[in-house]
Amino acid sequence: RHTWEASEDLGGLILALLKNLDRDADPLLIQGYARSVIAELAGIISGTIPADVHRSGAEQRVLQFLETLRKRCREPWSLGRMADACHMGRSLFSDTRHRMTGDSPSAHLRRLRVERAATLLIHREDRITEIALETGFSTTQHFARTFTEFTTRTPTEYRQEARHSPSTRVIDFREADEARRRALIRSHDWL
């Protein structure tokens, strides 16, 4: 049997992960915390991260920002503005964010907007144009294209299905992610 001393960062990351699991937070945020916990554990076990070394805090700043982004996803966020909010350069922010969740900052923002829009489509009678603008999309066309990309349904189809079948009320991004992956593979078959 082996035991390793936990770092301060590991304790904080585990507490943050548990807190976000309890409040049913954004799956990408939870995934980011989980990956950070695993990376920290792997580093401690392999000896590449001594338990008493304090990390830079870049990952903690990004994770805190992701909670803010979820609440303020309708605002016009650029990569530079996101990085500034974390007190980081754009490259460091983008690399840290991608390493933590495997998703780009802009893809994460679009996903948050689609999640919010899906909730509004079910619970409000607002026109799709109004929902698109309220969730941060500049045009209805961009909203419809992005919504379909993430859910494999148009906003109108999603609204109709969700109102007639409660089981479609939860967005399952895995189906759309798999469809995007297959399309990407097909588009590169000629290589």
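**Charge over ring.** Definition to start with: I count a charge as sitting over a ring if NZ of Lys or CZ of Arg is within 6 Å of the ring centre and within 35 degrees of the ring normal. With that in hand, I found R113 over the face of F137, at 6.0 Å from the ring centre. I also found the charged end of R81 over the ring of W77, 3.8 Å from its centre. A reminder to myself: this is a predicted model.

**Overall fold.** I went through the secondary structure next. The protein chain has 10 helices and zero strands, so the pattern along the sequence reads α-α-α-α-α-α-α-α-α-α. I looked up burial too: 40% of the 191 residues count as buried.

**Cores.** Which residues have the most contacts inside the largest nonpolar core? They are V62, F65, L69 and F93, in a core of 25 residues. Two or more residues each come from α1 (8-22), α2 (27-46), α3 (58-71), α4 (79-85), α5 (90-101) and α6 (105-123). The most comes from α3, which gives six residues. I then found a second, separate core of 15 residues, which includes L121, I122, I131 and F147. General note: nonpolar side chains tend to be buried together in soluble globular proteins.

**F65.** Leaving aside neighbours within four places in sequence, F65 is in contact with W77, M82, A85, C86 and F93. I wanted its ring pairs as well, and the structure holds five aromatic pairs. F65 and W77 make an edge-to-face pair, 5.3 Å centre to centre with 75° between the planes. F65 is in helix α3 and W77 is in the loop between α3 and α4, 12 residues apart. Buried or exposed, I asked of F65? F65 is buried, at a relative accessible area of 4%, and W77 is buried as well, at 12%.

F65 also pairs edge-to-face with F93, at 5.9 Å centre to centre and 80° between the planes. Because F65 lies in helix α3 and F93 in helix α5, this pair ties together parts that are 28 residues apart in sequence. Both F65 and F93 are buried.

**Other rings.** I looked for a ring cluster and found F137, F143, F147 and Y158 linked by ring pairs. F147 is also among the residues of the second core, and F137 is the ring under R113.

**Helix α6.** I checked its span: α6 has 19 residues and reaches 28 Å from first C-alpha to last, close to the 27 Å expected at 1.5 Å a residue. I noted that α6 is mostly covered, with 14 of its 19 residues buried.

**Positive phi.** Last, I looked at backbone angles. Phi of H87 is near 60°, a positive value in a residue other than glycine. H87 is in the loop between α4 and α5 and is exposed, with a relative accessible area of 68%. T152 is another non-glycine residue with positive phi, near 65°. T152 is in the loop between α8 (140-151) and α9 (155-164), and it is partly exposed, at 32% relative accessible area.

Technical notes
Residues are numbered from 1 along each chain as its sequence is written. This is a predicted model: local features need pLDDT of at least 70, side-chain atom pairs count only at pLDDT 80 or more; totals for chains, interfaces and linings use all residues. Side-chain values use heavy atoms; hydrogens and water are left out. Helices (H or I, at least four residues) and strands (E, at least two) are DSSP runs, numbered from the N terminus. Buried means under 20% relative accessible area, exposed over 50%, partly exposed in between (1.4 Å probe, protein chains only). A nonpolar core is a set of buried Ala, Val, Leu, Ile, Met, Phe, Trp, Tyr and Cys residues joined through side-chain atoms within 4.5 Å. Contact means heavy atoms within 4.5 Å. Rings of Phe, Tyr and Trp (its six-membered ring) pair if their centres lie within 6.5 Å; planes under 30 degrees apart count as stacked, over 60 as edge-to-face and the rest as tilted. The expected span of a helix is 1.5 Å times one less than its number of residues.
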